[in-house]
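Let's take a friendly walk through some side-chain contacts, with charges to begin and aromatic rings to follow. Please keep the model open as you read.

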Amino acid sequence: MISMSMCSPSLTGPFRGFWESKDCDEVYLNHHWPPISRAIDLILQSSLETPVRISFEETYSAVYKLVCDGYGSVLQNDLIHKKIETYSDWLAEPLQLLKEENVKEYIERFNETLLTFIQKARSILAVFAYLDRIILEHNLAKVLYKTFTDRLLCKHMSIVLGYLSEAEKKPFTVEPSTFANIIKSLYLINPDFAELNPDMFSKFIPGYGHTGAHQLHQLSAEAKDMYSSLENCSDMRMTSSGKRSLDTMEESADMDNT
């Protein structure tokens, strides 16, 4: 189950003012927004193999001018509400149709959807770098991925991870490269997703070693079993230091679980 904190927007810290905007006047609507809107559409509509046919320099300059003129918040609103939300919904449509019909094709499409959005997000970040730095304090990527999570991932995450868990028991049910790409992409979008299945994520994320409460309890239980077996031997007894180690492990697990 996905925690609500992963799916609900945050309106504090660097995101404050996210929903505030300067009144849109005719100059913005008729002159400033249209060329930026077209550039965003070209980015979102291009295929993974096709280069984006826009002038990044011109678009960056247009964004820079609008931010300097005080239109940063309204530009951010339009980017998210008019473009990213709509695009995420569009990506979600074929997934909704496939999820109960063809599991293999559903997983492949989900993987393709993740890779596609990540590529588009990177292009958007390049164009809106000045907006990101001035208005969002380098948090635009989080806003983009948060929107994508709310509009698409939250509807499919539990199903996909469930399928992948089953696939782990049946090798090559899902292509290894697809399996790895999905896990790595989810971790890139939000590292907290690893908490949904730490064991699965640890197999694909270099350096990811979950040492949370569930593992500490498991280690504690295994150690108890071992010491219990030793106590049954006539020539061995658990030392007081060994008991203290177990108590410390359990206390750490309980603290992490609170």
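Lys-203 and Glu-168 join their side chains in a salt bridge, with 2.9 Å from N to O. Lys-203 is exposed, with a relative accessible area of 57%, and Glu-168 is partly exposed at 34%. Please bear in mind throughout that this is a predicted model.

How many salt bridges are there by this rule? The count comes to seven. Another of them pairs Lys-83 with Asp-41, whose closest N and O atoms are 2.8 Å apart. Here too distant parts of the chain are linked, with Lys-83 in helix H4 and Asp-41 in helix H2, 42 residues apart. Is Lys-83 buried or exposed? Lys-83 counts as buried, because its relative accessibility is 11% and the cut-off for buried is under 20%.

| Salt bridge | N to O distance |
|---|---|
| Lys-203 and Glu-168 | 2.9 Å |
| Lys-83 and Asp-41 | 2.8 Å |

On the surface, a patch of negative charge gathers Glu-49, Glu-100, Glu-101, Glu-105, Glu-108, Glu-112 and Glu-175. Glu-49 lies in the loop between helix H2 (26-45) and helix H3 (56-68), and is exposed with a relative accessible area of 70%.

Now for the aromatic rings. Searching the whole structure gives 10 aromatic pairs. One of them is the stacked pair of Tyr-28 and Trp-33, at 6.4 Å centre to centre with 25° between the planes. Tyr-28 and Trp-33 are both buried.

Tyr-87 and Trp-90 are stacked too, at 5.9 Å centre to centre and 25° between the planes. Both residues lie in helix H4 (residues 72-98), three residues apart, or about one turn of the helix. Tyr-87 is buried, with a relative accessible area of 7%, whereas Trp-90 is exposed at 54%. Together with Phe-117, Tyr-145 and Phe-148, Tyr-87 and Trp-90 form one aromatic cluster.

Methods: Residues are numbered from 1 along each chain as its sequence is written. This is a predicted model: local features need pLDDT of at least 70, side-chain atom pairs count only at pLDDT 80 or more; totals for chains, interfaces and linings use all residues. Side-chain values use heavy atoms; hydrogens and water are left out. Rings of Phe, Tyr and Trp (its six-membered ring) pair if their centres lie within 6.5 Å; planes under 30 degrees apart count as stacked, over 60 as edge-to-face and the rest as tilted. Buried means under 20% relative accessible area, exposed over 50%, partly exposed in between (1.4 Å probe, protein chains only). Helices (H or I, at least four residues) and strands (E, at least two) are DSSP runs, numbered from the N terminus. Patches are made of residues with over 30% relative accessible area and no salt bridge: like charges are joined within 9 Å, nonpolar side chains (Val, Leu, Ile, Met, Phe, Trp, Tyr) within 5 Å. Accessible areas come from the Shrake-Rupley method with a 1.4 Å probe; for residues, only the protein chains shown count as cover. A salt bridge is a side-chain nitrogen of Lys or Arg within 4 Å of a carboxyl oxygen of Asp or Glu. Lys and Arg count as positive and Asp and Glu as negative; His and the chain ends are not counted. The place of a charge is taken as NZ of Lys, CZ of Arg, CG of Asp or CD of Glu.
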